[in-house]
Amino acid sequence: MRAHRSLGLFLLASFIGAGTEAHASPAEERPLRILLTSDDGINGSGLRLLRDTLCAAGHQVTVVAPATDRSGSSGALSLNVYLRATRSEFSCGATTGEAWAVTGMPSDSVLFGLSAVLGDVPPDLVISGMNSGQNVGRAVNHSGTVGAAVTAAEEGVPAMAVSISIHMQDASTGFSQTGAAAPHAAAFVQELIAQLRDTARPGEPLLPDRVALNVNYPVVLDAEGKFAPALVRSPRVTSVGHGEVVRARYYPVDANGIYLAAGHICGLDIQCAPETERDADTTALEQGAISITPLSVDGSARPGQGWLKSRLRRP
């Protein structure tokens, strides 16, 4: 998975007032059909908040997500095994939405949703998230949140992954301010979707073919240690950094070959590899900016950022 550089200019210029012409038409004003998933599982708080935000905006939302937490599963698939899919319903604005809990991985959920639930009519957008904890730098390759979005993009469906960062100074509260930031992150996602729709050309999808967006929303604290939305900086189009978020360590438990696989949070209880990449997603978050990284799903080249920066505008 590679970061799109020339794709990026397309989004950011709109956000900073580049005067991008909107191409909205009556047909494009219809509610979007959105497939929502998450590696935190179908009961994840971030998924439910984003679901309710999208429903309140009038979109038609279908949820297909793992039955349990599947964090760190990347794009893994469950093959040649039996999966159970349990259907339920939820209130979605004035309508009723479908939710499916799948005993598989996030990527399984996306493929199941596209084929077994939605069938011949693909959604306008697949969103994976919102994840509690940033998916930037090296974590991008291991993230189930990102893996699900990439899986959708491989199928030719526009997709984005959404994560909310944790702040090391908030560790003593159990990272409570990530939850405080969640409604603001969900509102930003809705604004981003509206921007992508308004700047899409008639008849074209929200995103270029085989490109997914990786969105990371920062938690910025005030002097009292509370989330301060006014301090969140404008979106930046970024590349995937080289810095670490989590470092795995393996500790022997007994003489029978049993080990504890522990995930240490970088900057909290372990020091990890520093950032070396210019315009990195990790750097944007550290500086309190929203990071939007275009990802090329085929990995053959870095996708450009120009298209993205030109389609983002500051409200």
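If you number the bonded cysteines of the protein chain in sequence order, they pair as 1-2, 3-4. A search of the whole structure finds two disulfides, a disulfide being a pair of cysteine sulfur atoms within 2.5 Å. This is a predicted model, in which local features need pLDDT of at least 70 and side-chain atom pairs count only at pLDDT 80 or more, while totals for chains, interfaces and linings use all residues. Residues are numbered from 1 along each chain as its sequence is written, and side-chain values use heavy atoms, leaving out hydrogens and water.

Here are the two links:

| Disulfide | S to S | Torsion about the S-S bond | Hand |
|---|---|---|---|
| Cys55 and Cys92 | 2.0 Å | -100 degrees | left-handed |
| Cys266 and Cys272 | 2.0 Å | about -85 degrees | left-handed |

Cys55 sits in helix α2 and Cys92 in strand β4 (residues 85–92), so their bond ties together parts 37 residues apart in sequence. Helices (H or I, at least four residues) and strands (E, at least two) are DSSP runs, numbered from the N terminus. Cys266 and Cys272 are both buried, where buried means under 20% relative accessible area (1.4 Å probe, protein chains only). Cys55 counts as buried too, at 5% relative accessibility, and Cys92 counts as buried at 4%.

Now let's follow helix α2 to its neighbour. Helix α2 (residues 45–56) packs against helix α5 (residues 176–199) at an angle of about 45 degrees, with the axes 9 Å apart. Axes are lines fitted to C-alpha atoms over the stretch in contact, and angles run from 0 to 180 degrees between N-to-C directions. Which residues of α2 meet α5? They are Leu49, Leu50, Thr53 and Leu54, with contact meaning heavy atoms within 4.5 Å.

Note on methods
Buried means under 20% relative accessible area, exposed over 50%, partly exposed in between (1.4 Å probe, protein chains only).
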